[in-house]
Amino acid sequence: IAVSTASYVILDFWSARNGPLSKRFERQWREDVHQLEDSGKLPKPWFDLKEVLIIGGTPETKKMLRQVQHPLKTNPKGEYRMEVLIVAWEEEGVRGVMVQYNLEDIKSKENLYELGRTLILNRPTLLEEFKL
């Protein structure tokens, strides 16, 4: 049991750092949404979504999103729509994703809530950062 638990932990750690970009994003996005939902700071309509529209902001992002399932829960009787703009980026060897949430009332089309989050998918190691 100890060997299988240790193997799982090591594989989980490795995949979080070295797995495909789409899987690293999907995992971090899911964890971030769970953290937000558990915080108690989101408006009630967040939990009553009928529709979720995912928009890839760049060709690279659209390609990545074909391999990702979103973590937002929907309800067929919900009264709200969530539009999520996702833009992958890279700067000085650091890769990340910007996630912009726009929550709107389906009937009135009124925008009720906006939230932007940035997820860092990799960071250079000290050796890479200082080019040692």
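These legends cover close-up views of a predicted model.

**View 1. Helix α2 from end to end.** Helix α2 spans residues 21–39, 19 residues in total. From first C-alpha to last, α2 reaches 27 Å, close to the 27 Å expected at 1.5 Å a residue. Just after α2 comes Gly40, with a positive phi of about 80 degrees.

**View 2. The Phe25–Trp29 ring pair in α2.** Two aromatic pairs turn up in a search of the whole structure. In the pair of Phe25 and Trp29, the ring centres are 5.0 Å apart and the planes lie at 20 degrees, so the pair is stacked. Phe25 and Trp29 sit four residues apart in α2, about one turn of the helix. An α-helix has 3.6 residues a turn, so residues three or four places apart point the same way. Phe25 has 0% relative accessibility and therefore counts as buried. Trp29, at 1%, counts as buried as well.

**View 3. Tyr80 and its surroundings.** Tyr80 belongs to strand β2, residues 80–91. Its relative accessibility is 14%, under the 20% limit, so Tyr80 counts as buried. Leaving aside residues up to four places away in sequence, Tyr80 touches Pro45, Asp48, Leu49, Lys50 and Glu51, and also Leu103, Glu104, Asp105, Ile106 and Leu112. Tyr80 and Asp105 are 25 residues apart in sequence, yet their C-alpha atoms are 4.7 Å apart in space.

Definitions and conventions. Residues are numbered from 1 along each chain as its sequence is written. This is a predicted model: local features need pLDDT of at least 70, side-chain atom pairs count only at pLDDT 80 or more; totals for chains, interfaces and linings use all residues. Side-chain values use heavy atoms; hydrogens and water are left out. Helices (H or I, at least four residues) and strands (E, at least two) are DSSP runs, numbered from the N terminus. The expected span of a helix is 1.5 Å times one less than its number of residues. Rings of Phe, Tyr and Trp (its six-membered ring) pair if their centres lie within 6.5 Å; planes under 30 degrees apart count as stacked, over 60 as edge-to-face and the rest as tilted. Buried means under 20% relative accessible area, exposed over 50%, partly exposed in between (1.4 Å probe, protein chains only). Contact means heavy atoms within 4.5 Å.
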